[in-house]
Structure formats: structure tokens, C-alpha cells
Amino acid sequence: MNFQSESKKSGDAFEDLVFLDLQQRGFENIDKNVYMVGTGCEVDFVAKGEQCEYVECKGGVEGDKKRPGAKRTDNVKKAIANGAIMKTIYETMYYVVYFSDTPYPGSYSDQMLNLALKHKIIDEVRYLKV
């Protein structure tokens with residue numbers, strides 16, 4: 001089994017779940033894979049409605065030696081770094097990160113997310129199980 005191929009499929013399936021969640025929240029105009037000009041960053045979705053949300057998806061299926069979502073510090077770090085970079089130009093953007101699993105309480109990931117939320121690098125975190 002090709003690890004990268006399985007991870008890509010799992011990540012794509014998670015993005016499909018996030019898309020459905022955004023629709024259920026009332027967003028009708030949802031753009032996918034949007035480059036944030038001048039940042040070198042891309043968001044997975046821009047969901048437009050009464051409010052506009054810029055959405056990052058970090059998730060997949062837990063498996064053999066695979067930790068999904070916010071259990072992976074590299075997922076958390078990338079989401080926070082992207083938020084920090086994008087908000088230097090797009091200061092008022094509402095940045096939402098979806099994870100497929102919660103961090104372990106008190107873990108590095110948990111601490112990083114709490115700090116990012118406190119300082120509005122990330123505006124909201126949502127969890128969706130795959």
C-alpha cells in the first residue's frame with residue numbers, strides 16, 4: 001500500500017466532509033483551493049455568505065502509525081503558520097481550521113491551538129470525525 005496515496009485519498013474525503021458541513025451552515029458560494037495573493041498560501045475553501053470564512057482542512061482517517069487532525073503537531077503548526085502569514089495582509093479575514101480529531105489535552109498541539117485562538121491567528125477551530 002502506498003502511504004502517500006492513502007493519505008491523499010483520506011485527506012480528499014475529509015475535504016468532502018468539510019464542504020458538506022459548510023453547505024449545512026448555509027454557505028452557498030464556496031470556492032475551492034483559493035490562492036491568497038501576496039502570501040504564498042492557499043486556503044482549501046472560501047465560503048461566502050452573511051460572513052466570509054477562509055477555511056483550512058487538516059484531517060484524515062486514523063490508521064497504522066497515522067495520527068489524524070490536531071493530534072499531529074505538523075498539521076497544527078502549518079495551520080497556525082498559514083494563519084499568521086495570511087493575516088499580515090488580510091487582517092480582518094475570518095480564518096477557520098477544521099481538524100478530523102482533537103489534540104490530546106495539554107499536548108503541544110493543544111497548547112499551540114489555544115495560543116493561536118487567544119491571539120486571533122485562528123478565529124475558530126472545528127472538529128469533524130471522518
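The following dialogue explains how terms are applied to a predicted model of one protein chain.

User: How many helices and strands does the protein chain have, and what makes a run count as one?

Analyst: The chain has 3 helices and 5 strands, in the order α-β-β-β-α-β-α-β. Helices (H or I, at least four residues) and strands (E, at least two) are DSSP runs, numbered from the N terminus.

User: Why is Val96 called buried?

Analyst: Buried means under 20% relative accessible area, exposed over 50%, and partly exposed in between, with a 1.4 Å probe and protein chains only. Val96 has a relative accessible area of 0%, so Val96 is buried. Val96 belongs to strand 4 (residues 94–99). Contact means heavy atoms within 4.5 Å; leaving aside residues up to four places away in sequence, Val96 touches residues including Glu53, Tyr54 and Glu124. Of the 130 residues of the chain, 43% count as buried.

User: Why does Tyr90 count as partly exposed?

Analyst: The relative accessibility of Tyr90 is 27%, and therefore Tyr90 counts as partly exposed. Tyr90 lies in the loop between helix 2 (73–89) and strand 4. Not counting residues up to four places away in sequence, Tyr90 touches Met36, Val37 and Thr39. Tyr90 and Met36 are 54 residues apart in sequence and 8.8 Å apart in space, C-alpha to C-alpha.

User: What makes Phe19 and Phe45 a tilted aromatic pair?

Analyst: Rings of Phe, Tyr and Trp (its six-membered ring) pair if their centres lie within 6.5 Å; planes under 30 degrees apart count as stacked, over 60 as edge-to-face and the rest as tilted. By this rule the count comes to 2 aromatic pairs. Phe19 and Phe45 are 5.8 Å apart centre to centre, with 45° between the planes, so this pair is tilted. Phe19 is in helix 1 (residues 3–24) and Phe45 in strand 2 (residues 41–48), 26 residues apart. Phe45 is buried at 1%, whereas Phe19 is partly exposed at 28%.

User: How do you know that Glu15 and Lys32 form a salt bridge?

Analyst: A salt bridge is a side-chain nitrogen of Lys or Arg within 4 Å of a carboxyl oxygen of Asp or Glu. The closest N and O atoms of Glu15 and Lys32 are 2.9 Å apart, so the pair qualifies. Glu15 lies in helix 1 and Lys32 in strand 1 (residues 29–36), so the pair ties together parts 17 residues apart in sequence. Glu15 is buried at 12%, and Lys32 is partly exposed at 42%. The salt bridge count comes to 10.

User: What makes the charge of Lys71 sit over the ring of Tyr104?

Analyst: A charge sits over a ring if NZ of Lys or CZ of Arg is within 6 Å of the ring centre and within 35 degrees of the ring normal. The charged end of Lys71 sits over the ring of Tyr104, 4.7 Å from its centre.

Terms used. Residues are numbered from 1 along each chain as its sequence is written. This is a predicted model: local features need pLDDT of at least 70, side-chain atom pairs count only at pLDDT 80 or more; totals for chains, interfaces and linings use all residues. Side-chain values use heavy atoms; hydrogens and water are left out.
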